[in-house]
Every structure is written in structure tokens, then in C-alpha cells.
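Please read it alongside the sequence and the structure.

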Amino acid sequence: DGIAPPQRMLFPPEKISVSWRRSRSVGAGLRNLGKTCFLNSVLQCLTYTPPLANYLLSGEHSQSCEYLVWRAYCFQERHLLEDCFLSSLASKALYPLHSLGIGEHFCYGRQEDAHEFLCCTVAAMQTACLNGSSHLDTSLQATTVIHQIFGGFLRSRVTCLSCQAVSESYKGFLNIPLEIEAASSVPGTLEQFVRPKLPDGDNCYKCSKCEKMVPVSKRFSIHRAPKVLTIALKRFADFTSGKISKHVSYPEYLDLRTYMSQPVGEPVLYSLYAVLVHRGASGHAGHYFCFTKASNGRWYEMNDALVELRNMKTVLSQQVYLLFYVR
């Protein structure tokens with residue numbers, strides 16, 4: 001498909017199961033220790049990610065754990081085993097944030113961004129899978145358990161508008177941020193994401209065939225779809241952190257086929273299993289909470305220590321920030 005195959009696999013793909021291996025009742029909430037709602041909500045969404053939970057509950061990580069390298073894994077596994085499935089009481093994150101190996105700038109008592117924390121957490125687990133090595137080729141890095149769960153590949157296609165020559169490149173991703181200013185639904189944001197971008201005055205490229213700077217069109221498409229699709233709706237301005245508070249609808253079931261590099265073929269179907277919500281006027285203030293689908297098939301609102309049963313209508317009516325779908 002244009003991407004070189006790996007010489008070996010770091011984790012056997014057949015060991016990854018996207019369906020729950022065992023049905024359990026919903027787990028405990030997490031106490032807020034001082035503006036830690038960003039951490040609590042992200043942690044709960046990861047807890048109810050079936051392939052990640054199956055892997056951690058299998059004990060395979062524990063058997064090879066080197067604590068100083070695998071801290072993000074240890075934290076997630078501890079929550080799954082002790083706080084979530086073995087306790088009905090709201091628990092608290094006992095480890096200092098800086099000790100998790102997730103990001104030195106995160107701290108208690110300060111408003112943090114849930115999407116940034118999610119990115120740092122998943123990236124920390126991916127780095128752990130690589131034993132801290134960053135020199136491995138892209139194809140090999142894509143064979144870790146984390147990349148095989150959360151990761152996919154985007155294709156960038158650049159077309160010279162002078163001679164129509166085409167250049168393609170591929171980039172791995174662990175989540176997809178989507179613009180929402182010009183769309184009112186997730187399918188609409190995806191259509192906008194894969195729509196060709198035409199020249200805007202600065203969009204020039206040196207064409208190897210024309211041998212000069214020429215205007216080009218650029219188009220992204222999803223080249224390899226992940227097992228778990230994480231979508232971030234870009235609600236916050238980069239510098240002012242002002243919020244776009246419009247409602248963006250999102251489906252319970254999502255077909256990615258239209259947005260793939262090969263848009264014709266069998267459906268690429270996903271089912272919603274978690275949504276993370278921000279309530280507030282800006283990224284510098286407000287509150288995060290989430291809704292998750294437990295292994296028993298029921299939906300729950302997880303608002304720090306509060307865990308309450310909710311229906312699908314409530315789940316789909318939120319001003320959502322992060323969406324989690326499983327293949």
C-alpha cells in the first residue's frame with residue numbers, strides 16, 4: 001500500500017482483541033485532587049478502551065515491566081486492577097504527576113488540557129514500547145501494541161497544478177484533530193479534512209518534473225485505519241484559548257470508508273465507546289468529565305468521583321471535545 005513492510009513485529013497483532021474478553025460491572029470514579037478532572041476523564045476513557053484494557057489485564061505488561069521506563073503503563077494498569085475492577089469506592093491517583101513519565105509540565109491545582117494530556121499519555125506508552133529508542137524505522141515503530149491499537153497512517157498527496165505530477169508521503173498518527181468552524185457534524189469535519197486544499201498564494205512547491213516552484217493542491221486521506229479511532233474537535237484557539245462552543249453532532253456508528261485513500265470497498269465501521277466533554281467558556285477554565293461504555297454494554301457518566309448510569313440519547317447530546325471509537 002506504499003508503506004514498506006516491517007522487518008519484524010514488536011508485538012504479535014493476533015494478541016490484540018478489540019472486543020471485551022470478559023464482561024464486568026462498571027468500575028469506580030476518581031477523586032478530584034485539585035483541578036485533576038483533565039486527568040480523571042482521560043484515564044477513564046483509556047480504562048474503557050477494550051483492546052488496551054484486555055492487554056493490561058492479561059498481565060503481559062507486568063511480566064516485562066521496568067518501572068523507570070514503563071511508568072505510564074504501570075499507572076494505567078494499577079487503576080484497572082485495583083481502583084476500577086476490584087473496588088466500588090472512588091479512588092485517587094496516588095502517584096505525583098511528574099513521576100508518571102507523561103509530561104513534566106502537568107501539575108495539580110492548575111487547569112490543563114485533556115487532549116494534550118491524552119496525547120502525552122499515549123505517546124509515553126508508545127515510547128515505553130520502544131524502550132526509549134527513537135531511531136527505529138517508521139514501519140517497525142508501527143508494530144508496537146500501542147500503535148497497533150491507536151495508530152494509523154495518513155497519506156498526503158500533492159498534485160502539481162501545472163503538469164499534474166503527483167507526490168505522495170505517509171505519516172503515522174495516534175489521534176486526528178479536526179477543525180469545526182465550518183462543519184456541524186463529525187462526518188462534516190472529516191469531509192473537510194480530506195477535501196483537496198487549493199492554492200492560497202503561499203501554497204507553492206518545487207515540482208521535480210517542472211523543476212520550478214509551482215502552485216499545488218494538497219489532499220490528506222486516511223491510508224491505514226486504526227483499531228481505536230480518537231478524534232479531537234479543535235475547540236480552543238492556540239494562543240488565546242478562546243473556545244468554539246457550537247454543538248457538533250456525532251454518530252454512535254461511524255464508517256470511515258469515504259475518507260480513506262481507497263474510498264471504494266467494504267465499510268470501515270466503528271462504534272462509539274467514550275466521549276470526553278469540556279464544560280466552560282475557555283481552555284483556561286471549566287470542567288472535564290466523560291461518558292464511557294462499560295464491558296457490560298451500558299453507558300455511564302464518569303464525573304470525577306460520580307459514576308451514574310446514562311442513556312444513549314444523553315451521551316449523543318453533549319458538547320463533546322474528544323471522541324473514542326473502536327473498530
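**Notes on the predicted model**

1. Gln164 is found in the loop between β1 (152–160) and β2 (166–173); helices (H or I, at least four residues) and strands (E, at least two) are DSSP runs, numbered from the N terminus. The phi of Gln164 is near 70°, a positive value in a residue other than glycine.

2. On conventions: this is a predicted model, in which local features need pLDDT of at least 70 and side-chain atom pairs count only at pLDDT 80 or more, while totals for chains, interfaces and linings use all residues. Residues are numbered from 1 along each chain as its sequence is written, and side-chain values use heavy atoms, with hydrogens and water left out.

3. Asp304 is buried, with a relative accessible area of 13%; buried means under 20% relative accessible area, exposed over 50%, and partly exposed in between (1.4 Å probe, protein chains only).

4. For the chain as a whole, the secondary structure comes to 9 helices and 12 strands. Of the 327 residues, 49% are buried. The accessible surface is about 15,300 Å², and carbon and sulfur atoms hold 52% of that; the areas come from the Shrake-Rupley method with a 1.4 Å probe, and for residues only the protein chains shown count as cover. Among contacts (heavy atoms within 4.5 Å) with a separation of 6 or more, 67% join residues 24 or more positions apart.

5. Which residues of α1 are buried? They are Cys37, Phe38, Leu39, Asn40, Ser41, Val42, Leu43, Gln44, Cys45, Leu46 and Thr47. That is 11 of the 11 residues of α1, so the helix is largely enclosed by the rest of the structure.

6. Helix α1 (residues 37–47) packs against helix α5 (residues 114–129) at an angle of about 50°, with the axes 9 Å apart. That makes α1 oblique to α5. Axes are lines fitted to C-alpha atoms, for helices over the stretch in contact, and angles run from 0 to 180 degrees between N-to-C directions. Angles under 35 degrees count as roughly parallel, over 145 as roughly antiparallel, 65 to 115 as roughly perpendicular and the rest as oblique.

7. On the residues of this pair, Phe38, Leu39, Val42 and Leu46 in α1 meet Ala114, Phe117, Leu118 and Thr121 in α5. By class, the contact has 7 nonpolar, 1 polar and no charged residues. Here Ala, Val, Leu, Ile, Met, Phe, Trp, Tyr, Cys and Pro count as nonpolar, Asp, Glu, Lys and Arg as charged, and the others, Gly among them, as polar.

8. Helix α2 (residues 50–57) is mostly covered, with 7 of its 8 residues buried; Pro50, Tyr55 and Leu56 are among them. Just after α2, Gly59 takes a positive phi of about 85°.

9. Strand β5 (residues 212–224) includes Ser217, which counts as buried at 11% relative accessibility. Leaving out residues up to four places away in sequence, Ser217 touches Arg157, Val158, Thr159, Leu161, Lys197 and Leu198.

10. Arg219 also lies in strand β5 and, at 26% relative accessibility, counts as partly exposed. Beyond its neighbours within four places in sequence, Arg219 is in contact with Arg155, Ser156, Arg157, Val194 and Pro196. Arg219 and Glu168 are 51 residues apart in sequence and 9.7 Å apart in space, C-alpha to C-alpha.
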